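Let's take a friendly walk through the side-chain contacts of this protein. The sequence and model come first, and the tour follows.

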Amino acid sequence: MIEKQLEIMRRPRLNIVNTLNDFSLEQLNKIPAGFNNNIIWNLGHMVAAQQGVCYKRAGLDTWVDDAFFQRYKPESKPEGPVDAAGFEEIKTLLTTSLDQLEHDYKNGIFSTYPTWTTRYGVTMASIDDALAFLPFHEGLHIGYIMAMRKLV
């Protein structure tokens, strides 16, 4: 089960990064008219949201450092341009965070998961619910990225 859920997140993450290979940092950092964030923020947010939905909601520390989480958590906005090293970190975390999630899931660290409801009206009562929800959330942000790439 977990393997398929993670594949449903991993493949689109890898595909969107490959789609962006020919974009400059300037383009990736540009906030297009009508948007309040940029392509890089959306990529970082996918990692931060996964950390929040899976780890923080389960009462656990995030696997990514807190500064990264704070920079890309829900309701945040780009604080300034991300440099090449920051972009490489995001690209790495897009895969390593899923590897770590699989490891932690298989080791049973998500034994406590209080029920909560997302802003989209979805009630989640377990880590399995969170894993079912995340591809929807990531699809939204990949959609934003696909729209932005035509504007930068």
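Is Arg11 buried or exposed? Arg11 has 53% relative accessibility, so this residue counts as exposed, the cut-off being over 50%. Please keep in mind that this is a predicted model.

**Salt bridges**

Glu7 and Arg11 are four residues apart in helix 1, so about one helical turn separates them. Glu7 also has a salt bridge with Lys4, where the N to O distance is 3.8 Å. Here the spacing is three residues within helix 1, which again puts about one helical turn between Glu7 and Lys4. Glu7 itself counts as partly exposed, because its relative accessibility is 30%.

In total, the structure holds eight salt bridges. One of them joins Glu3 and Lys106, whose closest N and O atoms are 2.8 Å apart. With 41% relative accessibility, Glu3 counts as partly exposed. Salt bridges that share partners also bring in Glu102, so that Glu3, Glu102 and Lys106 form one network.

| Salt bridge | N to O distance |
|---|---|
| Glu3 and Lys106 | 2.8 Å |
| Glu7 and Lys4 | 3.8 Å |

**Aromatic pairs**

Now for the rings. A pair of aromatic rings is described by how far apart the centres lie and by the angle of the planes. The count here comes to five aromatic pairs. One of these is Phe68 with Tyr72: the ring centres are 4.8 Å apart and the planes meet at 45°, so the pair is tilted. Both residues lie in helix 4 (residues 66-72), and because they are four residues apart, about one helical turn separates them. How accessible are the two partners? Phe68 counts as buried at 0% relative accessibility, and Tyr72 counts as buried at 4%.

Tyr120 and Phe136 make an edge-to-face pair, 5.2 Å from centre to centre with 85° between the planes. This pair links distant parts of the chain, 16 residues apart: Tyr120 is in the loop between strand 1 (116-117) and strand 2 (123-124), whereas Phe136 is in helix 6 (residues 127-149). Tyr120 counts as partly exposed, with 40% relative accessibility, and Phe136 counts as partly exposed at 40%. Ring pairs also take in Phe133, linking Tyr120, Phe133 and Phe136 into a cluster.

**Charges over rings**

Which ring does the charged end of Arg57 sit over? That ring belongs to Trp116, and the charged end of Arg57 is 3.7 Å from its centre. Lys56 has a contact of this kind too: its charged end sits over the ring of Phe69, 5.0 Å from the ring centre.

Technical notes. Residues are numbered from 1 along each chain as its sequence is written. This is a predicted model: local features need pLDDT of at least 70, side-chain atom pairs count only at pLDDT 80 or more; totals for chains, interfaces and linings use all residues. Side-chain values use heavy atoms; hydrogens and water are left out. Rings of Phe, Tyr and Trp (its six-membered ring) pair if their centres lie within 6.5 Å; planes under 30 degrees apart count as stacked, over 60 as edge-to-face and the rest as tilted. Helices (H or I, at least four residues) and strands (E, at least two) are DSSP runs, numbered from the N terminus. Buried means under 20% relative accessible area, exposed over 50%, partly exposed in between (1.4 Å probe, protein chains only). A charge sits over a ring if NZ of Lys or CZ of Arg is within 6 Å of the ring centre and within 35 degrees of the ring normal. A salt bridge is a side-chain nitrogen of Lys or Arg within 4 Å of a carboxyl oxygen of Asp or Glu.
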